[in-house]
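I opened this notebook to record what I looked up in one model.

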Amino acid sequence: MPATLFILNGPNLNRLGTREPDTYGRTTLADIEAQCRATGARHGFDIVFRQSNSEGTLVDWIQEAGDVARGLILNPAAYTHTSVALHDAIRTAGIATVEVHLSNVFAREAFRHHSYVSPVALGVICGFGAKGYDLAIEALAHKIGA
Ligand code: DQA
């Protein structure tokens with residue numbers, strides 16, 4: 001049975017394509033999902049791809065990922081910089097996690113330089129737009145296999 005990867009996306013990422021295109025590009029979340037499914041399939045992963053604007057829903061899904069998935073790719077969006085709850089959920093789930101950001105958060109406002117997620121992630125990919133999701137799938141394939 002192929003291993004499952006959860007790819008979870010946080011608040012406002014449902015608006016990709018029209019949201020601040022100078023920062024986030026014109027790629028929609030549906031485009032990113034299609035790209036992840038293709039890349040995941042190449043690496044032998046089943047992909048569960050979801051987005052929520054709600055912190056609690058993301059916590060529920062991280063717990064679910066801990067029960068059924070081999071790896072987690074998470075773009076926590078603004079919750080990156082605020083959420084002890086996401087930090088605790090990942091720590092408790094004990095799942096191999098890659099944090100992804102489309103933009104280079106370190107080249108932006110100071111409040112984006114701190115992440116509550118990074119200390120419980122295997123690694124962080126930021127600044128490469130939608131390609132970062134592919135890089136995260138490759139990183140998990142390398143670390144945990146399919
Ligand atoms: C983001 C960066 C965050 O700082 C921001 O709040 C987002 C998107 C990114 O993908 O670049 O919503 O996670």
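The entries below concern the chain and then its ligand.

**Entry 1: the model.** I note at the outset that this is a predicted model.

**Entry 2: secondary structure.** I counted 5 helices and 5 strands in the chain. Reading along the sequence, I recorded the order β-α-α-β-α-β-α-β-β-α.

**Entry 3: overall dimensions.** I looked up the extent of the C-alpha trace, which spans about 40 × 30 × 25 Å along its principal axes. I then compared the radius of gyration with the globule rule: for 146 residues a compact globule would be near 15 Å, and the chain has 14 Å, so the two agree.

**Entry 4: the shell.** I listed the residues around the ligand as Arg19, Tyr24, Asn75, Ala77, Ala78, His81, His101, Leu102, Ser103, Val105 and Arg112. Sorted by class, this shell holds 5 nonpolar, 4 polar and 2 charged residues.

Entry 5: I looked up distances from ligand oxygen atoms to side chains of the shell. For Arg19, a polar side-chain atom lies 3.0 Å from an oxygen atom of the ligand. For His81, a side-chain N or O atom is 2.7 Å from a ligand oxygen atom. For Ser103, the corresponding distance between a side-chain N or O atom and an oxygen atom of the ligand is 2.6 Å.

Entry 6: I recorded that the ligand on its own has 320 Å² of accessible area, of which the protein covers 99%.

Methods. Residues are numbered from 1 along each chain as its sequence is written. This is a predicted model: local features need pLDDT of at least 70, side-chain atom pairs count only at pLDDT 80 or more; totals for chains, interfaces and linings use all residues. Side-chain values use heavy atoms; hydrogens and water are left out. A residue is near a molecule or strand if one of its heavy atoms lies within 4 Å of it. A polar contact is a pair of N or O atoms within 3.5 Å; within protein, one must be able to donate a hydrogen and the other to accept it, and residues adjacent in sequence count only if both atoms are side-chain atoms. Accessible areas come from the Shrake-Rupley method with a 1.4 Å probe; for residues, only the protein chains shown count as cover. Ala, Val, Leu, Ile, Met, Phe, Trp, Tyr, Cys and Pro count as nonpolar, Asp, Glu, Lys and Arg as charged, and the others, Gly among them, as polar. Helices (H or I, at least four residues) and strands (E, at least two) are DSSP runs, numbered from the N terminus. The radius of gyration is taken over C-alpha atoms; the globule rule is 2.2 Å times the number of residues to the power 0.38.
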